[in-house]
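Please keep the sequence and the structure in view while reading.

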Amino acid sequence: MALHRLKWLACAGLLISGFTPMFAQDSQALIDLLIRKGILSPDDAKELAAEAKQQAAAAAAIPAPKSKVSTTVSAKLYIDVSNLDAENSAGTKLATSGTGLDVKRFYFGVTHVFDDMWSANINTDSAYSSATGATSTFIKTAYVQAKFMPEFIVQLGSANEPWIPFDEDLYTYRYVENTLIDRLKFGNSADWGVHVLGTSGMVSYNVAVVNGGGYKNPTRSKGMDLEGRVSVQPIAGLTLAVGGYTGRLGKDVEGTPATRTASRYDALVNYATKQFSLGAEYFSESDWGFTASASSDKGDGYSVFAKVKLGDGPYWAFGRWDTDKPSKKLHPTMKEDYFNVGFEYVAIKGVNLALVYKYDHIDNPASASALAKSSEIGMFAQVAF
């Protein structure tokens with residue numbers, strides 16, 4: 001009889017512990033039955049009830065696992081109100097001169113995370129074109145990402161190229177002006193292809209095999225281009241990076257094959273703290289834009305940029321100077337010097353306002369009607385979330 005009672009008592013315990021929530025809600029009928037059968041005494045029943053309540057409380061205290069699925073919406077707007085005075089080498093003002101408001105860029109993006117490994121991104125780029133007098137919208141990034149580990153991430157589709165976005169993050173004033181090779185059109189900020197990137201300790205890398213025509217031109221050609229970057233942070237705040245590009249820029253198509261291969265070499269150093277940053281970059285290129293031409297050309301340039309915080313408030317002073325020779329073979333006497341200076345007010349996280357002066361001077365431009373000198377002053381803003 002004792003063995004029979006222990007068996008029923010064990011079963012009762014298993015039932016009660018296995019169905020703790022049910023027990024907490026409606027258990028009296030089961031307890032009454034076990035007492036009538038002589039399996040449980042009133043004291044046994046009280047002990048089991050107390051144990052079940054403890055288990056129910058412990059189960060309720062364990063938080064439910066958070067879902068790894070998430071969707072993030074982002075946007076970024078570059079806007080300015082300025083006065084621009086631009087003229088050619090004869091002193092004739094160009095049509096771009098005047099006062100007005102410009103919305104230089106509007107980006108809208110969505111990133112969806114499926115789990116720790118898989119995610120997808122799409123980001124549009126809207127800009128006004130003076131050539132067409134209309135605003136055009138392009139797909140800038142559209143890719144699926146597989147994050148096998150922090151050291152090995154694969155993106156398939158149109159994604160950020162290795163150099164320009166990396167450079168922009170260090171410069172921080174993209175809303176005021178494009179970085180050096182982007183401003184001179186010797187590179188693309190995004191392109192269609194396969195992108196492999198990762199970070200391990202103080203080293204990061206990004207390698208992309210791309211179509212070569214940029215995100216606005218996803219067409220294919222006979223071969224694909226290669227761009228890569230390796231960067232290292234040997235101490236906190238210091239970044240050293242080198243990169244390169246080789247390919248035919250999407251011009252090697254059937255029927256009209258490319259005659260030359262474009263190349264570019266990049267180097268950058270930047271040191272940043274909470275109070276200031278100082279950076280410099282260099283590039284050298286050959287036959288950029290001449291892959292389908294009988295002509296050959298090369299160019300190079302430098303850029304130095306800095307910013308410093310003014311006191312403890314949200315104010316910064318910044319400046320930049322570029323010098324370049326973009327056509328050393330076809331127009332060897334042409335040289336450009338560009339600089340900007342400004343004061344920035346960080347109104348709130350995601351809202352930056354800057355009073356800026358820019359000056360650009362080109363010695364011996366390629367044609368008499370081309371820009372030779374410009375000056376611009378105005379208020380530039382970035383709104384991002």
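F186 counts as buried at 7% relative accessibility, where buried means under 20% relative accessible area, exposed over 50% and partly exposed in between, with a 1.4 Å probe and protein chains only. F283 is likewise buried, at 0% relative accessibility.

The structure holds 14 aromatic pairs, a pair being rings of Phe, Tyr or Trp (its six-membered ring) with centres within 6.5 Å, stacked if the planes are under 30 degrees apart, edge-to-face if over 60 and tilted otherwise. The rings of F186 and F283 form a tilted pair, because their centres are 5.4 Å apart and their planes stand at 40°. This pair links distant parts of the chain, 97 residues apart, with F186 in the loop between α6 (180-183) and β6 (190-200) and F283 in strand β11 (residues 276-286); strands (E, at least two residues) and helices (H or I, at least four) are DSSP runs numbered from the N terminus.

## A second pair

Y282 and Y302 also form a tilted aromatic pair, 5.0 Å from centre to centre and with 45° between the planes. Since Y282 lies in strand β11 and Y302 in strand β12 (residues 298-309), the pair ties together parts 20 residues apart in sequence. Y282 is partly exposed, with 28% relative accessible area, and Y302 is partly exposed at 45%.

## Overall make-up and basis

The protein has six helices and 16 strands, and 38% of its 385 residues count as buried.

The model is predicted, local features need pLDDT of at least 70, side-chain atom pairs count only at pLDDT 80 or more, and totals for chains, interfaces and linings use all residues. Residues are numbered from 1 along each chain as its sequence is written, and side-chain values use heavy atoms, with hydrogens and water left out.
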